[in-house]
Amino acid sequence: MIKTDVVIVGAGPTGLFCAHQLGIIGLKCEIVDNLDKIGGQCIELYPDKPIYDIPAVPECTGEELTNNLIEQIKPFNFNFHLNDRVQELTNENDNWIVKTTSGKKFQTPNVVIAGGVGSFEPRKFPTKSAEKFDGTSVLYSIKDKTIFKDKSVAIFGGGDSALDWAIELSNTSKVSLIHRRDEFRGSPSSVQKIKELSKKNIINLYTKYSIKDVKGNGSLEEVEIKNEDGESKILKVDYVLGFFGLIMQLGPIVEWGLNLDKKTIPVNTENFETNKKGIFAIGDICTYPGKLKLILSGFHEGALAARGCFKYARPDEKYRFEFTTASNTIKDRLGVK
Amino acid sequence: MAKIKYVEHNGKEHIVEVQNGLTVMEGAVQNDIPGIDADCGGGMSCATCHVYVKEDWYDKLPKKEMGEDDMLDQAYEPNSKSRLSCQIMVSDDLEGLTVHMPEKQV
């Protein structure tokens, strides 16, 4: 059990800046995120896209913004728990017991939900029959590529993941690549390589096709693909891989007893606390009259939520407002003179 | 201003007036029309405002810009008449536009 002042759910820009504010006022926190990297939507959806509305930063990319936020909280040495998801919150006296999917447990008086639109999960095939094989022979990520050796593999998708794996697996497996249109969004060099491999009959390329059905008695035997004219083809395969990017799902958050308004959590605008004492929500996931889904609003919300956390983390102390320019205590915390 | 018809996958129709300058996605969200999630809020980065536009209207709409098809690759059951409704800007010319929603967005 890890004891801390605050658990932050979500390592996007809002969660990161909230961590900064907690560090400034002398609180400890632990940050949990479902992705394998820090940065949330900024790093997953638009690492290269320029952002123009961060105050005093005329232009920066999602990746630059993330890197700067990480740099800004370095002095506090907070722990990140990546590739992990908060599953369960239970109340115990004045604390929350936070359990994650990997089995980690935290004891904390405060939980700050900075979860964006939820956690990122792979987008799956629309076909119902694919569910039966999910995790065994219908896969959305590759952990151990050796399982495909000398097997027949159908790969669906047109992005870099699909193309890179098609190229890689074609060395040891019989690969079919299926994509819904002629153009690919993967890098031009990968597209070039795929076309070469297709010409040499090393990869079977089916464009303008999508999945129709998967079949098999016990284990997967074949996948049926269709085009828009209704023509279909049957491919004998051992594995079906889908690379359609990630979607955001609210996930376990809906089970924590919080008031919800569609996919958002109503909060008060004094400290961004939800209907549960000690649970705060900030950033895209929170809602209140006038809410703007801007990163700058998330920063503001995080700063106020941090002060809200102080009350429960240090019930016997009075919070004193200080400026970073003038406070020696804050400078000590930041490790500057 | 244009009257836009949103047809849910189950056939239920919603006709609303949408102001010029808003997107077809915003027209749905602001009028609480179910079937368009728009998780990313119009940033062309999530493919959860996916709609189908029938032939007659599809060709009349301003063409897709770079990136829309890439995002549509990740939508639920896209076809050659798929659009992201956050990328369709409403103007008087769109009077009578009908969009059909997919079975689901994710």
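Two strands pair if DSSP finds at least two bridges between them. With that in hand, welcome to this predicted model. In chain A, A:Ile2 stands opposite A:Phe106 in strand E9, and 2 bridges join strand E1 to strand E9, which run parallel.

- Chain A holds an open sheet of 4 strands, in the order E1-E9-E8-E7 and with mixed pairing.
- Its edges are E1 (2-3) and E7 (86-92) of chain A, each of which pairs on one side only.
- The partner of E1(A), strand E9 of chain A, covers residues 105-108.

- Strand E17 (residues 222-227) and strand E18 (residues 232-236) of chain A are antiparallel partners, paired over 5 bridges.
- To find your way between them, look for A:Val223, which has A:Leu235 of E18(A) opposite.
- Together E17(A) and E18(A) make a hairpin, with 4 residues between the strands.
- In the turn sits A:Gly230, which has a positive phi of about 90 degrees.

**A:His179 and its surroundings**
- A:His179 belongs to strand E14 of chain A, which spans residues 174-179.
- Is A:His179 buried or exposed? A:His179 counts as buried because it has 25 C-beta neighbours inside 10 Å, and 20 or more are needed for that label.
- Beyond the neighbours within four places in sequence, the contacts of A:His179 are A:Gly157, A:Gly158, A:Phe184 and A:Thr207.
- A:Gly158 is 21 residues from A:His179 in sequence, yet their C-alpha atoms are 5.7 Å apart in space.

**Two helices side by side**
- Helix H1 (residues 13-24) packs with helix H3 (residues 62-73), both of chain A, at an angle of about 20 degrees and with axes 9 Å apart.
- Angles under 35 degrees count as roughly parallel, so H1(A) is roughly parallel to H3(A).
- The two helices, H1(A) and H3(A), have a left-handed crossing.
- The residues in this contact of H1(A) with H3(A) are 8 nonpolar, 4 polar and no charged.
- Among them, H1(A) brings A:Leu16, A:Phe17 and A:His20, while H3(A) brings residues including A:Leu65, A:Leu69 and A:Ile73.

**Where chain A meets chain B**
- How many residues of chain A are in contact with chain B? There are 17, and they meet 15 residues of chain B.
- On the chain A side, 7 of the touching residues are nonpolar, 3 are polar and 7 are charged.

Technical notes:
Residues are numbered from 1 along each chain as its sequence is written. Chains are lettered from A and ligands numbered from 1 in the order in which they are written. This is a predicted model: local features need pLDDT of at least 70, side-chain atom pairs count only at pLDDT 80 or more; totals for chains, interfaces and linings use all residues. Two residues are in contact if their C-beta atoms, placed from the backbone, lie within 7 Å. Ala, Val, Leu, Ile, Met, Phe, Trp, Tyr, Cys and Pro count as nonpolar, Asp, Glu, Lys and Arg as charged, and the others, Gly among them, as polar. A residue is buried if 20 or more other C-beta atoms lie within 10 Å of its own, exposed if 12 or fewer, and partly exposed in between; C-beta atoms are placed from the backbone. Axes are lines fitted to C-alpha atoms, for helices over the stretch in contact, and angles run from 0 to 180 degrees between N-to-C directions. Angles under 35 degrees count as roughly parallel, over 145 as roughly antiparallel, 65 to 115 as roughly perpendicular and the rest as oblique. A crossing is left-handed if the near helix is turned anticlockwise from the far one by less than a right angle, and right-handed if clockwise.
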